[in-house]
Amino acid sequence: MALKLAVSGKGGVGKTTIAGLLARSFAARGKRVIAIDADPVPNLAAALGLPRDLPIAPIASLTELIAERTGTKPGSYGGFFKMNPTVDDIPDKFSFEKDGVRLLVMGTVDHGGKGCVCPESVLLRALVQHLLLYRDDTVVMDMEAGVEHLGRATSSAVDRLLVVVDPGLRSLEAAKKIQTLAADIGVRTAGVANRVRNDDDRRRVARTLPDLEFLAWLPFDDAFLAADRDGTRPYDDLSQAPAELSRLADTLETLRS
Ligand SMILES: Nc1ncnc2c1ncn2[C@@H]1O[C@H](COP(=O)(O)OP(=O)(O)OP(=O)(O)O)[C@@H](O)[C@H]1O
Ligand SMILES: [Mg+2]
């Protein structure tokens, strides 16, 4: 099976930037890559360089598809529906491709109270399971800060949950929480330090998170800020990206070769 990664971390640490660059790096190496935007506020499309005006409807908003696949009527809740909807055609039909990366935007499910089992979440869960367990594409999943929605059923299929941190205290504290949650559901983690300016930053991160194995130390990089400001993807020419990034992709690839 191809490499399966999820990317987590406190808000704003660089998850989407790093997920986008990793997805592009794997594709540039000839891998078939599916990038999953699992953030309720999706913005992986921009990081991948997809056109800004592309009308991307999140899967969770495709009411007719959800109704058809789960055997429900749009907008109706309760009653019976299929718990194992067909999803294997969704990655090809509903993704957006750029330079060998296919993007799937999941969208949000409006849970009617905790533990609600609604057709949208059943479909999304089946889709993620399919991508992680049965489909042989490299997967890079950009997540929101928590890892709660990475369910037990799929957690063991993730080769690494990358925990992105920057040297700020809050990001380091968030990383500790993520590590604990990940251990609870049996996901293996690895650290990616971002916005590292100097040895002092490096020591702070390593000292605060002694149990997290860091696979990369990415520098503070003005090119990211410029890309953000201009609404472009960072390093349109991937060969110009920091060497540390391709070393990270190398290291991750060895997990599955
Ligand atoms: N190494 C870096 N050097 C400088 N700026 C960076 C670096 N990494 C990311 N950034 C910038 O930080 C901002 C947040 O990055 P990004 O959107 O990737 O974070 P995120 O963790 O996905 O955020 P969110 O939690 O909102 O989804 C962006 O403007 C990005 O360009
Ligand atoms: Mg993000």
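What follows is a set of questions and answers about this predicted model.

Q: What makes the protein as compact as a globular protein of its length?
A: Its 10 helices and eight strands make up the picture to start from. The radius of gyration is 18 Å, and the globule rule gives 18 Å for 257 residues, so the protein is as compact as a globular protein of that length. The C-alpha atoms fill a box of roughly 60 × 35 × 35 Å along the principal axes. Buried residues make up 42% of the 257 residues. Among contacts with a separation of 6 or more, 78% come from residues 24 or more positions apart.

Q: Why is Gly-9 called buried?
A: The cut-off for buried is 20 or more other C-beta atoms within 10 Å. Gly-9 has 25 of them, so the label buried applies. This glycine is found in strand S1.

Q: Which residues does Gly-9 touch, leaving out those up to four places away in sequence?
A: Gly-9 touches Lys-15, Ala-145, Val-163, Val-164, Val-165, Ser-171, Ala-174 and Ala-175.

Q: How do you know that the span of helix H7 is close to what is expected?
A: Helix H7 runs over residues 169–185 and has 17 residues. From first C-alpha to last, H7 reaches 25 Å, close to the 24 Å expected at 1.5 Å a residue.

Q: What makes the buried residues of H7 line one face of the helix?
A: The buried residues of H7 are Ser-171, Leu-172, Ala-174, Ala-175, Ile-178, Gln-179 and Ala-182. Seen down the axis of H7, they fall within an arc of 155°, so they line one face. On the other side of H7, Leu-169, Thr-180 and Asp-184 are exposed. The buried residues of H7 pack against strand S1 (4–9), strand S6 (160–165), strand S7 and helix H8 (199–208). Just after H7, Gly-186 takes a positive phi of about 75°.

Q: How do you know that helix H3 has its buried residues on one face?
A: In H3 (residues 63–70), Ile-66, Arg-69 and Thr-70 are buried. Seen down the axis of H3, these buried residues fall within an arc of 85°, so they line one face. They pack against helix H5. H3 is followed by Gly-71, with a positive phi near 70°.

Q: Why is Val-122 called buried, and why is Tyr-134 called exposed?
A: Val-122 is placed in helix H5 (residues 119–134), and Tyr-134 is also placed in helix H5. Val-122 has 20 other C-beta atoms within 10 Å, and buried takes 20 or more, so Val-122 is buried. Tyr-134 has 11 C-beta neighbours inside 10 Å, and exposed takes 12 or fewer, so Tyr-134 is exposed.

Q: Which residues is Val-122 in contact with, leaving aside its neighbours within four places in sequence?
A: Val-122 is in contact with Thr-70, Phe-81, Met-83, Pro-85 and Val-117. Val-122 and Arg-69 are 53 residues apart in sequence, with 9.9 Å from C-alpha to C-alpha. For Tyr-134 and Lys-73, which are 61 residues apart along the chain, the C-alpha separation is 28 Å.

Q: What makes the phi of Asp-99 worth a look?
A: Most residues other than glycine have a negative phi. Asp-99 is not a glycine, yet its phi is positive, about 50°. Asp-99 lies in the loop between strand S3 (96–98) and strand S4 (101–105).

Q: What is the phi of Arg-195, and where is Arg-195 placed?
A: Arg-195 has a positive phi of about 60° although it is not a glycine. Its place is in strand S7.

Q: Why are Asp-99 and Arg-195 called partly exposed?
A: Partly exposed lies between the cut-offs of 12 or fewer for exposed and 20 or more for buried. Asp-99 has 15 other C-beta atoms within 10 Å, so it is partly exposed. Arg-195 has 18 within 10 Å, so Arg-195 is partly exposed.

Q: How do the residues of the shell around ligand 1 divide?
A: The shell divides into five nonpolar, seven polar and five charged residues. In total, 17 residues surround ligand 1, and the closest are Gly-14, Lys-15, Thr-16, Thr-17 and Asp-228. Helix H1 (15–28), strand S7 (189–196) and helix H9 (222–230) each supply at least two residues of this shell.

Technical notes:
Residues are numbered from 1 along each chain as its sequence is written. Chains are lettered from A and ligands numbered from 1 in the order in which they are written. This is a predicted model: local features need pLDDT of at least 70, side-chain atom pairs count only at pLDDT 80 or more; totals for chains, interfaces and linings use all residues. A residue is near a molecule or strand if its C-beta atom, placed from the backbone, lies within 6 Å of it. Helices (H or I, at least four residues) and strands (E, at least two) are DSSP runs, numbered from the N terminus. Ala, Val, Leu, Ile, Met, Phe, Trp, Tyr, Cys and Pro count as nonpolar, Asp, Glu, Lys and Arg as charged, and the others, Gly among them, as polar. The expected span of a helix is 1.5 Å times one less than its number of residues. The arc is that of the directions from the helix axis to the C-beta atoms. Two residues are in contact if their C-beta atoms, placed from the backbone, lie within 7 Å. The radius of gyration is taken over C-alpha atoms; the globule rule is 2.2 Å times the number of residues to the power 0.38.
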